[in-house]
Amino acid sequence: MAKMNLAKAVKDFWYGKPHTAEEGGRRLGDLYEDKTGLLKHREWRGVKDTFYYMYNIWGYNYVHMVLDILKYSNNPIDFLKGTLRYRWMGQTYLPVIHWFERGLQGMRGEALAASAWHYRAMVSASIHQICNFFNADTRLHGGKQNNAYKHTFYANETTCGTLFYPWMDAGYQYIPMEMIPYFVTCHVNSHTVLNYIDAVQSLGLPGDPCPMCQAESGLFVLDDVPDSAPLIITCNEACDASVSTHTLQDWFANKPLFALPLPMQFDDPLVKKYCMNEIEECWKFIEEQTGVPFSWESMKKRLERQNKLQRDEWEKWEVASKTDYYPINGVAQALFRIYSTQYGIQGDFWEEASEKVKKIMYKCVEKKINPFPQTRHRVIAWSCAPLYYSNWCTWAYNCWGLNVIINMDSLMFDMEIRTDSYENMLEDMATYHMWAPMRRMAVGGMHHIFELWDYMKRFNCDMVAMYDQLQCKGMQGVHGLFEDEFRKRNINAFWMPHALPDCRTVSRAEIRRQINDYMTTVMHEEPLDPSLLDFDDSMTW
Amino acid sequence: MKKCKCKLGSKLGKFLLKFCGIFVALNAVLFIVFFFDLDGKLLFNVVEPFLKKHYDDMERKDVLKEPYDLDKFPKYKYDM
């Protein structure tokens with residue numbers, strides 16, 4: 001007996017404890033400190049993976065965060081000044097390594113390595129944006145409008161970066177105004193955004209519109225948006241609440257502003273024509289403001305790189321849909337994709353990560369390595385995800401064997417943009433612009449929200465994780481239609497209520513409880529790791 | 001095998017020994033920080049509360065006092 005125990009202890013030390021409870025499981029839930037979600041200690045993943053994580057992910061990313069600052073910042077002192085000036089910066093980005101931890105918990109081997117490369121690219125892109133903010137910010141430079149300021153465009157975060165490629169050869173850069181101060185913060189540290197939501201409600205504005213719009217306005221109310229660009233391009237994002245956001249932004253930013261709408265009924269050819277005109281008007285506005293003409297060469301060069309990235313993604317999707325060898329977990333897949341398609345080609349971080357991931361993926365294919373061996377259900381996640389709990393997919397795999405193969409956020413820009421002529425490019429640009437986040441498949445009409453069934457088939461999924469953004473009036477309106485379709489098509493689907501960035505409305509524990517209930521009462525399944533069923537992480541980042 | 005008795009050899013040996021010792025000690029410290037999530041604990045319990053207080057105490061411009069200058073910039077003419 002003692003010999004057997006010793007052999008098991010040696011095996012557990014070398015390979016890490018096995019996943020399932022039956023095999024004497026790793027009990028990941030026991031690692032958490034109560035409430036804070038901090039770890040009593042990190043998981044022992046076996047010798048190889050523990051040290052891979054320590055050196056190649058934890059250590060590597062700490063070092064590369066510093067190197068990225070040195071690479072992208074004109075003056076690292078500005079970075080420090082910006083950290084002390086802006087809450088979204090200091091409060092959020094210091095615990096970034098813990099964000100990796102939440103997304104990569106329980107991952108082993110190729111899944112650990114490949115998913116971490118997606119995170120690395122996102123961190124690098126974030127530091128790139130932060131440095132661009134601070135290099136140009138007049139507040140950090142004694143009110144001076146320096147060269148970086150004069151070469152920066154501000155745009156709403158759902159206005160795709162692709163639109164600004166024509167000026168990049170001339171040294172211009174695009175900063176999505178809310179992507180770093182709002183969107184990314186919610187994933188990394190969900191405490192920060194609450195200040196901005198409360199700020200806008202403190203003015204007497206109602207609390208029931210989409211909290212995304214509230215938070216984006218709140219950034220301006222708290223005077224927490226850097227002054228880094230002489231002009232702004234806004235859009236209505238996906239909904240009417242955002243229109244109000246941009247009225248407030250127009251007021252508080254006080255800069256020349258062009259409103260570039262995202263049409264609601266975008267399948268209409270006349271609307272598309274209208275959208276193409278709007279895009280050209282936007283380009284004209286930029287030309288007038290900067291005095292620099294549209295450059296086809298600059299546009300084409302970057303679009304070709306973007307198209308290559310899209311083809312890489314299709315290659316990955318092919319493996320994800322037809323085999324069990326796709327090494328990216330649900331959260332790394334979703335965030336990488338939405339982030340890269342919105343920010344566009346502004347550095348080489350997306351391409352570098354994509355190449356590394358493809359290499360790992362083909363190793364899995366060649367050697368028939370299943371990176372998620374405990375998969376019980378192949379899940380497609382649909383609608384808009386809870387930003388404060390985007391790593392629910394990691395928990396769901398560890399606890400229940402629910403492997404999120406693909407999600408709506410990844411599929412929105414499922415297209416290339418033609419570069420053979422200006423006319424074709426403009427037509428595709430219009431489609432790309434209209435397929436904005438939350439627009440195409442969330443509030444983009446029946447045809448598009450029900451693309452779910454096609455994608456479910458294409459990715460060979462047997463279950464749907466249906467996000468239920470409680471404050472999105474558009475998606476609330478189709479709740480019943482989905483229920484009907486799930487019943488009619490006999491599809492296993494569970495609903496995940498949430499309030500996008502606001503973790504106070506529906507807690508993470510409540511989201512887990514809903515999934516646990518579904519898995520026990522409807523699916524009659526036992527958890528792989530029972531220690532993850534119920535734990536208190538109410539104060540976690 | 002004959003042991004090298006030259007000064008250079010002994011100095012090099014000592015240096016290598018010292019270097020290995022420092023390398024191992026540094027890695028042991030790093031491992032303790034990593035394994036026990038000490039970086040996370042420091043950031044959560046010390047750095048974040050300090051920064052929060054700093055941001056809470058910061059004086060901010062009252063943006064509501066800014067006039068909404070609708071006519072400040074020339075009207076943009078649509079060519080549609």
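Visitor: In which sense do strand β5 (residues 377-382) of chain A and β7(A) pair, and over how many bridges?

Guide: This is a predicted model. In it, β5(A) and β7(A) run in the parallel sense and are joined over four bridges. One can follow the pairing residue by residue: A:I380 has A:V464 in β7(A) as its bridge partner.

Visitor: How many bridges join β7(A) to strand β8 (residues 492-498) of chain A?

Guide: Seven bridges link β7(A) with β8(A), and these strands run parallel. Within this pairing, A:D468 is placed opposite A:P497 in β8(A).

Visitor: How many of the residues of strand β7 (residues 463-469) of chain A are buried?

Guide: Seven of its seven residues are buried, and the strand is described as mostly covered. The two faces may be read separately. On one side stand A:M463, A:A465, A:Y467 and A:Q469, and on the other A:V464, A:M466 and A:D468; both faces are covered.

Visitor: Let us turn to another sheet. In what order do the four strands of the open sheet in chain A lie?

Guide: The order is β2-β1-β3-β4, with parallel pairing. The edge strands of chain A are β2 (173-176) and β4 (257-259), each of which pairs on one side only. From one strand to the next, the twist averages 25 degrees.

Visitor: Which residue in β3(A) stands opposite A:A155?

Guide: The residue opposite A:A155 is A:I233. Strand β1 (residues 152-155) and strand β3 (residues 232-234), both of chain A, pair over two bridges in the parallel sense.

Visitor: I would now like to consider helices. By what are two packed helices described?

Guide: The description uses the angle between their axes and the distance between the axes. Here, helix α2 (residues 47-72) and helix α6 (residues 109-136) of chain A pack at an angle of about 15 degrees, and their axes are 10 Å apart. The angle therefore makes α2(A) roughly parallel to α6(A), since angles under 35 degrees count as such.

Visitor: Is the crossing of α2(A) and α6(A) left-handed or right-handed?

Guide: The crossing in which α2(A) passes α6(A) is right-handed. Residues of α2(A) that make the contact include A:Y52, A:I57, A:M65 and A:I69, while those of α6(A) include A:L112, A:A116, A:V123 and A:I127.

Visitor: Which classes of residue make up the contact of α2(A) with α6(A)?

Guide: The contact has twelve nonpolar, four polar and three charged residues.

Definitions and conventions
Residues are numbered from 1 along each chain as its sequence is written. Chains are lettered from A and ligands numbered from 1 in the order in which they are written. This is a predicted model: local features need pLDDT of at least 70, side-chain atom pairs count only at pLDDT 80 or more; totals for chains, interfaces and linings use all residues. Axes are lines fitted to C-alpha atoms, for helices over the stretch in contact, and angles run from 0 to 180 degrees between N-to-C directions. Angles under 35 degrees count as roughly parallel, over 145 as roughly antiparallel, 65 to 115 as roughly perpendicular and the rest as oblique. A crossing is left-handed if the near helix is turned anticlockwise from the far one by less than a right angle, and right-handed if clockwise. Two residues are in contact if their C-beta atoms, placed from the backbone, lie within 7 Å. Ala, Val, Leu, Ile, Met, Phe, Trp, Tyr, Cys and Pro count as nonpolar, Asp, Glu, Lys and Arg as charged, and the others, Gly among them, as polar. Two strands pair if DSSP finds at least two bridges between them. A residue is buried if 20 or more other C-beta atoms lie within 10 Å of its own, exposed if 12 or fewer, and partly exposed in between; C-beta atoms are placed from the backbone.
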